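This report examines how two protein chains are arranged and joined, and what a database record says about one of them.

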2 protein chains.
Amino acid sequence: MGGTLLYAYRNQAGVWAGRARDNEPVAAEEKAKKRGVGRPRRLEPEAIVATARRILEEEGVAALSMRRVAKEVGTTPMALYHHVRDKDELLMLTLAGTAATVPRPELPADPRARLLAVTLHMHGTLARMPWVVEVLSLGDLTDKGALWMVEEIVGAGVECGLTPVEAVRAYRTLWHCVYGDLVFRRAMERRAEEPDRKRYFPDMLTDADAAELPHLAALADSWAELTEDYDVARQLGAVIDGLLAQAGRPE
Amino acid sequence: MGGTLLYAYRNQAGVWAGRARDNEPVAAEEKAKKRGVGRPRRLEPEAIVATARRILEEEGVAALSMRRVAKEVGTTPMALYHHVRDKDELLMLTLAGTAATVPRPELPADPRARLLAVTLHMHGTLARMPWVVEVLSLGDLTDKGALWMVEEIVGAGVECGLTPVEAVRAYRTLWHCVYGDLVFRRAMERRAEEPDRKRYFPDMLTDADAAELPHLAALADSWAELTEDYDVARQLGAVIDGLLAQAGRPE
DNA sequence: ACCTGAACACCGTTCAAGT
DNA sequence: ACCTGAACACCGTTCAAGT
């Protein structure tokens, strides 16, 4: 079945992906050494991921290319494809282990306060790791070290009277608030760095528009200020109050 | 000042960008015709933007390239740079006018219900225009036709007792909820299309992890289902309740 | 089993020149 | 004023071959 050499190579890539999952980073390697089978590896998969992560940390997702990683670890671009299936997989692998680099904070005993504290910890951590936010938009929860936060949020939600299902939904809503804030905060910063690029709102408002948009027209002058003053903690507090008020309410 | 021909060309690009802002799409053109000055234009700026928008609608942001737009409007890539400053500007220009293609819905008189209705309208509209969500992550509010939604949200918030400033913050929070939901809904759909790509959570949980993450372990089996069952309307309702409860509370 | 080299089919953008 | 052509410095990935 599909028995070309190429297919066998693909399976090897699968093995490496599996290693990231079951946390046994040297098992396959040792096996190969013990068996004395195959060519000795010149390229350590860990080096690929570490280099990719460094580029992401220093310069962001846009700067990461397979060719650049290859150059910096000292191989050809194609050697990488032996260890990862494609660029997306490499991006996912860079995520593993990042949460463990941040110390786990002391959390308040009160469940409502804990809910807010964990959510703010997520926000604060990711604000300092903007590349993680970019990679996370690909979708998956891949870093096991980050799961304690989800566990705490769901647990605190349940302690506050939510059903487990409601608590998971609450987690997702809080995550949307955190993620949205981080994305648009970054977008603002990027635009601030390019001062010649035109700002559209509220500058584009004409007098005719102002008549139809009275509230926005009144706020136009302070809009920039308002955008900067957005206080995540305060807003998340309000969102949590709303989510917890669901407790015991019929579906 | 900077008096090379090249600088003059750049200014022309500036003129076109300005036209999008002050809604006088033919002024510069007519002036040129009247004056009989310069070479007659072969390439209509509107055609560039329209073609770009068609590609975005049909195939998404990843499929849009300057070279492809150029080919489809029948010019060279470089001709485009006469009408837009760069690819980012072209993306922003495609946004203008999209909100006007969606009929404005009837809204309930009750301000709390109106808040929810407008937010859901935003969500529903953008769910049908995934490319807009992708472009919006660049940051700016560029489509004047979309401002009535912000106005309604701020207005309804004020009617519910929020200060204008609180109402703007509430708008941003609601926008984060809408945007986050759309981003991760899309990510889920994309991953569903590639069935061979491995799912990480909750499959990566070992028994040891399960002991430390009791709530997540208990929910592991129903996780996929839970993710699909997320009901935006219900969650936005809860968020709105929380945001409105801020009314009258000290800062 | 692991790696290389050449190639394919692309990118955004600059520069100098043409009409 | 508007457009072209060639070029620069890149991409992700496939394929066939080498050890």
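Which residues of chain A does UniProt list for "DNA-binding region"?

## Annotated regions

The UniProt record, an unreviewed entry, lists residues 65–84 of chain A for "DNA-binding region"; UniProt positions follow the numbering used here, feature names are shortened, and annotations may be inferred rather than shown by experiment. Over residues 65–84 of chain A the chain is 60% helix and 0% strand, with the end C-alpha atoms 13 Å apart. Helices (H or I, at least four residues) and strands (E, at least two) are DSSP runs, numbered from the N terminus.

For "domain: HTH tetR-type", the unreviewed UniProt entry gives residues 42–102 of chain A.

## Basis of the model

The model is predicted: local features need pLDDT of at least 70, side-chain atom pairs count only at pLDDT 80 or more, and totals for chains, interfaces and linings use all residues. Residues are numbered from 1 along each chain as its sequence is written, chains are lettered from A and ligands numbered from 1 in the order in which they are written, and side-chain values use heavy atoms, with hydrogens and water left out.

## Symmetry

A rotation of 180 degrees with 0.0 Å of shift along its axis superposes chain A on chain B, at an RMSD of 0.0 Å (least squares on the C-alpha atoms of residues with pLDDT of at least 70 in both copies). That is the relation of a two-fold axis. Among the residues of chain A, G242(A) comes closest to the rotation axis, its C-alpha being at 1.8 Å. The same surface serves both copies, as 99% of the contact residues of chain A recur in chain B.

## The interface

Contact (heavy atoms within 4.5 Å) involves 75 residues of chain A and 74 residues of chain B. The area buried between the chains is about 7,000 Å², with carbon and sulfur atoms giving 60%; this is the accessible area (1.4 Å probe) lost on putting two parts together, summed over both. F184(A), Y200(A) and R234(A) supply 10% of the area that chain A buries against chain B, more than any other three residues.

Six salt bridges are counted between chain A and chain B (a side-chain nitrogen of Lys or Arg within 4 Å of a carboxyl oxygen of Asp or Glu). R234(B) forms a salt bridge with E166(A), the closest N and O atoms being 3.3 Å apart. Of the elements on the side of chain A that touches chain B, α10(A) gives the largest share, 20 residues.
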